Amino acid sequence: MHEALLSSARILRCPLCHRDAAFHSGSFLCENRHCFDLASAGYLNLVPQQKSGKYGKSAFQSRAFVFAAGAYLPLAERLAQILPSAPFSPGFCLLDAGCGEGYYASFLQSALRVPLIGLDIERDAIRLAAKRSQAVAWLVADLSNLPLQNQSVAAVLNLLSPANYGEFARVLRPDGLLVKVVPGENYLAELRLLLGGSLRAESVAGVEAEALFRQNAADCSIEELDYRFPVSKELAAQFFAMTPMGFGRELPPGALLGLRSIRIHLKILTGRRP
Ligand SMILES: C[S@@+](CC[C@H](N)C(=O)[O-])C[C@H]1O[C@@H](n2cnc3c(N)ncnc32)[C@H](O)[C@@H]1O
Ligand SMILES: [Zn+2]
């Protein structure tokens with residue numbers, strides 16, 4: 001059940017004191033005796049005192065519904081083409097930092113067969129992820145305090161999630177690969193316009209994210225994925241419920257009726273550890 005976690009033990013460290021730690025009969029125990037239980041559902045919770053997060057279970061379930069419809073398969077497939085250029089020699093893993101409910105990590109583990117750690121701060125997300133695959137080592141953990149040893153990772157993936165470039169540089173091996181995905185200016189454009197938002201805000205956020213990435217990675221390249229995914233009314237509603245822009249907001253009755261497709265416009269930023 002915990003095989004992927006047990007075999008990642010050498011890469012992990014205690015999130016509290018940063019000392020080495022090891023698994024002992026169902027617990028993860030560090031040299032200073034900080035102790036974390038392995039969940040029987042197949043993940044390790046390194047943030048046991050967490051309050052409920054921003055996303056919550058139903059947003060992750062909506063994300064899973066949208067993934068099952070294939071809406072993000074082009075991105076998963078493109079990542080599977082990009083990642084083999086990472087230096088995956090034995091002992092180095094791929095880290096998905098902010099993995100959500102684990103769609104990409106599970107896909108990439110079966111496509112690439114490399115040791116993979118999927119990490120998210122929300123336990124509800126990691127619970128769903130652990131149901132997807134037991135071949136990935138799933139952690140409830142904070143990407144701004146990664147529970148990983150220095151230079152233990154061949155590639156960091158950071159998809160539509162906050163970044164912490166200091167931590168990414170610390171855990172990446174010297175020639176390690178950094179892949180970040182940010183929304184393009186037309187990402188989910190139809191939904192944002194229905195909510196009365198503007199596309200400009202997303203465009204400004206995207207430019208800022210790109211600039212920050214360039215400051216923190218060498219040999220940067222940027223490519224765009226831009227397509228329209230056909231939607232039923234039900235699928236459109238799940239798209240709406242899965243993103244923070246839909247949280248706590250109601251669409252006008254019938255707003256999604258005329259919607260035939262949703263635009264998925266993403267930027268894939270790739271670079272090396274500087
Ligand atoms: C928009 S979701 C993207 C999830 C996934 N990468 C995907 O594309 O489906 C952003 C994710 O970042 C996670 N997140 C936010 N802050 C985090 C932190 N400090 N450490 C780890 N994960 C974090 C959230 O819990 C959420 O799952
Ligand atoms: Zn400790």
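Is helix H4 (residues 103-112) mostly covered or mostly uncovered, and how many of its 10 residues are buried? The legends below take up this point after the whole chain, in a model that is predicted.

**Figure 1. Overall fold of the protein chain in the predicted model.** The protein chain is built from nine helices and 11 strands, and its C-alpha atoms fill a box of roughly 60 × 40 × 30 Å when taken along the principal axes. Because a compact globule with 274 residues would have a radius of gyration near 19 Å, the 19 Å of the protein chain agrees with that expectation. Of the 274 residues, 42% count as buried, and among contacts with a separation of 6 or more, 65% are accounted for by residues 24 or more positions apart.

**Figure 2. Helix H4 and the elements that cover it.** Helix H4, residues 103-112, is mostly covered, with seven of its 10 residues buried; these are Tyr103, Tyr104, Ala105, Ser106, Phe107, Leu108 and Gln109. The cover over the buried residues of H4 includes the helices H2 (56-68), H3 (73-82) and H5 (123-132), together with the strands E5 (93-97), E6 (116-120) and E8 (153-159).

**Figure 3. The residue that takes a positive phi just after H4.** Just after helix H4, Arg113 takes a positive phi of about 55°.

Note on methods
Residues are numbered from 1 along each chain as its sequence is written. Chains are lettered from A and ligands numbered from 1 in the order in which they are written. This is a predicted model: local features need pLDDT of at least 70, side-chain atom pairs count only at pLDDT 80 or more; totals for chains, interfaces and linings use all residues. Helices (H or I, at least four residues) and strands (E, at least two) are DSSP runs, numbered from the N terminus. The radius of gyration is taken over C-alpha atoms; the globule rule is 2.2 Å times the number of residues to the power 0.38. A residue is buried if 20 or more other C-beta atoms lie within 10 Å of its own, exposed if 12 or fewer, and partly exposed in between; C-beta atoms are placed from the backbone. Two residues are in contact if their C-beta atoms, placed from the backbone, lie within 7 Å.
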